[in-house]
Amino acid sequence: MSPQDLEVAITWPSPGRSPPEDAGGRSGYTEFLRVLFNPEEDEIEEQRHLKRWSGSRFDLGMFDLSKTDKAVRGALRKRRER
C-alpha cells in the first residue's frame with residue numbers, strides 16, 4: 001500500500017467563505033477584506049476593481065460545501081495522477 005492509497009478528502013461545513021484565487025495569502029486576503037468592506041477615501045477605485053475581480057457579490061457567509069468538496073477531490077485526483 002502506498003501513501004497515496006491512504007489519502008482521504010473530507011470537507012466540513014465552514015462558518016465562512018474561502019479567499020478568492022490569488023488573493024495573496026493570509027495578509028493579502030486580510031487587505032482584500034479591509035478594502036472591500038471598509039475602504040479609505042482614496043481606495044474607492046480599488047474597491048470597485050476588487051468587487052469586479054471577485055465576482056461582484058463577495059459574501060463572507062457563503063460556503064458551498066458541494067463545490068468545495070468537488071474542488072478538493074479534483075485536486076487530490078490531479079496529485080495522484082502525477
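Buried means under 20% relative accessible area, exposed means over 50%, and partly exposed lies in between (1.4 Å probe, protein chains only). This is a predicted model, where local features need pLDDT of at least 70, side-chain atom pairs count only at pLDDT 80 or more, and totals for chains, interfaces and linings use all residues. Residues are numbered from 1 along each chain as its sequence is written, and side-chain values use heavy atoms, with hydrogens and water left out.

**View 1. Gly-61 in its loop.** Gly-61 sits in the loop between H2 and helix H3 (65–81). Helices here are DSSP runs of H or I with at least four residues, strands are runs of E with at least two, and both are numbered from the N terminus. Gly-61 counts as exposed because its relative accessibility is 51%. Which distance separates Gly-61 from Arg-17, C-alpha to C-alpha? It is 5.9 Å in space, although Gly-61 and Arg-17 are 44 residues apart in sequence.

**View 2. The whole chain.** The protein has three helices and zero strands. From the N terminus on, its elements run α-α-α. Of its 82 residues, 21% count as buried. Contact means heavy atoms within 4.5 Å. Take the contacts with a separation of 6 or more: residues 24 or more positions apart account for 62% of them.

**View 3. The largest nonpolar core.** A nonpolar core is a set of buried Ala, Val, Leu, Ile, Met, Phe, Trp, Tyr and Cys residues joined through side-chain atoms within 4.5 Å. The largest one has seven residues: Ala-23, Tyr-29, Phe-32, Val-35, Leu-36, Leu-50 and Phe-58. Helix H1 (residues 25–37) gives the most to this core, with four residues. In soluble globular proteins, nonpolar side chains tend to be buried together. Beyond four places in sequence, Ala-23 touches Gly-28, Tyr-29 and Trp-53.

View 4. Phe-32 belongs to helix H1. Is Phe-32 buried or exposed? Phe-32 is buried, because its relative accessible area is 4%. Not counting residues up to four places away in sequence, Phe-32 touches Pro-20, Leu-50, Trp-53, Ser-54 and Phe-58. Pro-20 is twelve residues from Phe-32 along the chain, and their C-alpha atoms are separated by 9.5 Å.

**View 5. Where H1 meets H2.** H1 and helix H2 (residues 44–53) pack at an angle of about 110 degrees, with their axes 8 Å apart. Axes are lines fitted to C-alpha atoms, for helices over the stretch in contact, and angles run from 0 to 180 degrees between N-to-C directions. Angles of 65 to 115 degrees count as roughly perpendicular, under 35 as roughly parallel, over 145 as roughly antiparallel and the rest as oblique. H1 and H2 are therefore roughly perpendicular to each other. From H1, the contact uses Phe-32, Val-35 and Leu-36; from H2, it uses Glu-46, Gln-47, Leu-50, Lys-51 and Trp-53.

**View 6. Gln-47 at the helix contact.** Gln-47 lies in helix H2. Gln-47 counts as buried because its relative accessibility is 13%. Leaving aside neighbours within four places in sequence, Gln-47 is in contact with Val-35, Leu-36 and Pro-39.
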